[in-house]
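Hi,

Have a look at the model first, then read on.

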Amino acid sequence: MRKEEKQEIVQALAEQIKSYGNFYITDTADLSVEKINGIRRKCFEQDIIIQVAKNSLIEKALIEAGIDSEELKGVLKGASTMMFSENANAPAKLIKQLRKEGDKPVLKAAYIQETAFVGDDQLNALVNLKSKDELVADIIAALQSPAKNVISALQSGGNTVSGLLKALEDRG
């Protein structure tokens, strides 16, 4: 591979790292072409970008993207495959699903919201991370709850002040 081609790969990886902000580094070595194609298909279905690259190019892309993590550089041994997703826990869920069928892919590391998660033992923690949309929905539900209680109390009391007082008295 020529120097220009390597630089293009580094630039493309760095752009993906910057634009997604979330990525996973996995080990898919020794998997058959059929299994890799199956993983690629599942990634495509779940809007996960999968990219195989040399460790040295991944390391250069991390530096280019402004991520200077010794923990992440430390996992760049053997074959490495990167997964990118808007939803921070989607790749973790996919990896967990794939592990029911075999022992790979193995999670080497993940980088979520400027935090590095290193090691396959972090997979369950990553699966349980809530996405930004899930957190926003939880906050909205929590904010709406008190208002719904007041509205339902007003409606159940026949929309009268005495009905509201009775509903509040019954609750207390």
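Along the sequence, the chain runs α-β-α-β-α-α-β-α-β-β-α-α-α. That makes eight helices and five strands, where helices (H or I, at least four residues) and strands (E, at least two) are DSSP runs, numbered from the N terminus. One caveat before the details: this is a predicted model, in which local features need pLDDT of at least 70 and side-chain atom pairs count only at pLDDT 80 or more, while totals for chains, interfaces and linings use all residues. Residues are numbered from 1 along each chain as its sequence is written, and side-chain values use heavy atoms, with hydrogens and water left out.

Of the 172 residues in the chain, 35% are buried; buried means under 20% relative accessible area, exposed over 50%, and partly exposed in between (1.4 Å probe, protein chains only). As for contacts (heavy atoms within 4.5 Å), take those between residues at least 6 apart in sequence: 74% of them join residues at least 24 apart.

Now the cores. A nonpolar core here is a set of buried Ala, Val, Leu, Ile, Met, Phe, Trp, Tyr and Cys residues joined through side-chain atoms within 4.5 Å. The largest one has 20 residues, and Ile17, Phe23, Leu62 and Met82 touch the most other members. Helix H1 (3-20), strand S1 (23-27), helix H3 (55-64), strand S3 (81-84) and strand S4 (106-112) are the elements that each give two or more residues to this core. What does Ile17 touch, not counting residues up to four places away in sequence? The list is Phe23, Ala61, Leu62, Ala65, Ile67, Met82 and Phe84. Another core lies apart from it, with 19 residues that include Tyr24, Cys43, Ala110 and Leu126. As background, nonpolar side chains in soluble globular proteins tend to be buried together.

On to the charged pairs. The structure holds five salt bridges, each being a side-chain nitrogen of Lys or Arg within 4 Å of a carboxyl oxygen of Asp or Glu.

- Glu101 pairs with Lys42, with the closest N and O atoms 3.1 Å apart. This links distant parts of the chain, since Glu101 sits in the loop between helix H5 (90-99) and S4 and Lys42 in helix H2, 59 residues apart. Glu101 is exposed at 52% relative accessible area, whereas Lys42 is partly exposed at 22%.
- Arg99 pairs with Asp120, with the closest N and O atoms 2.7 Å apart. Distant parts of the chain are linked here too: Arg99 is in helix H5 and Asp120 in the loop between strand S5 (115-118) and helix H6 (123-127), 21 residues apart. Both count as partly exposed, Arg99 with a relative accessible area of 27% and Asp120 with 25%.
- Asp68 pairs with Lys73, with the closest N and O atoms 2.8 Å apart. Asp68 is exposed, at 61% relative accessibility, but Lys73 is buried, at 16%.

Leaving aside residues up to four places away in sequence, Gln97 touches Lys42 and Gln46. Gln97 is partly exposed, at 34% relative accessibility.

I worked on a 1 Å grid over the protein atoms alone: a cavity is a set of points where a 1.4 Å probe fits but cannot get out, a pocket is an open set with protein on both sides within 12 Å along at least five of seven lines, and lining residues have an atom within 4 Å of a point. Grid points are joined across faces, edges and corners, and a volume is the space filled by probe spheres set on the points.

There is one cavity of 30 Å³ or more. Thr28, Ile36, Arg40, Ile50, Val52 and Thr81 line the largest cavity, and helix H2 (33-45) and strand S2 (49-52) are the elements giving two or more residues to that lining. By type, the lining has three nonpolar, two polar and one charged residue, where Ala, Val, Leu, Ile, Met, Phe, Trp, Tyr, Cys and Pro count as nonpolar, Asp, Glu, Lys and Arg as charged, and the others, Gly among them, as polar.

The second largest pocket holds about 180 Å³ of space. Of its 13 lining residues, Lys35, Ile39, Leu98, Glu101 and Lys104 lie nearest its centre. H2 gives the most to this lining, with four residues.

Cheers
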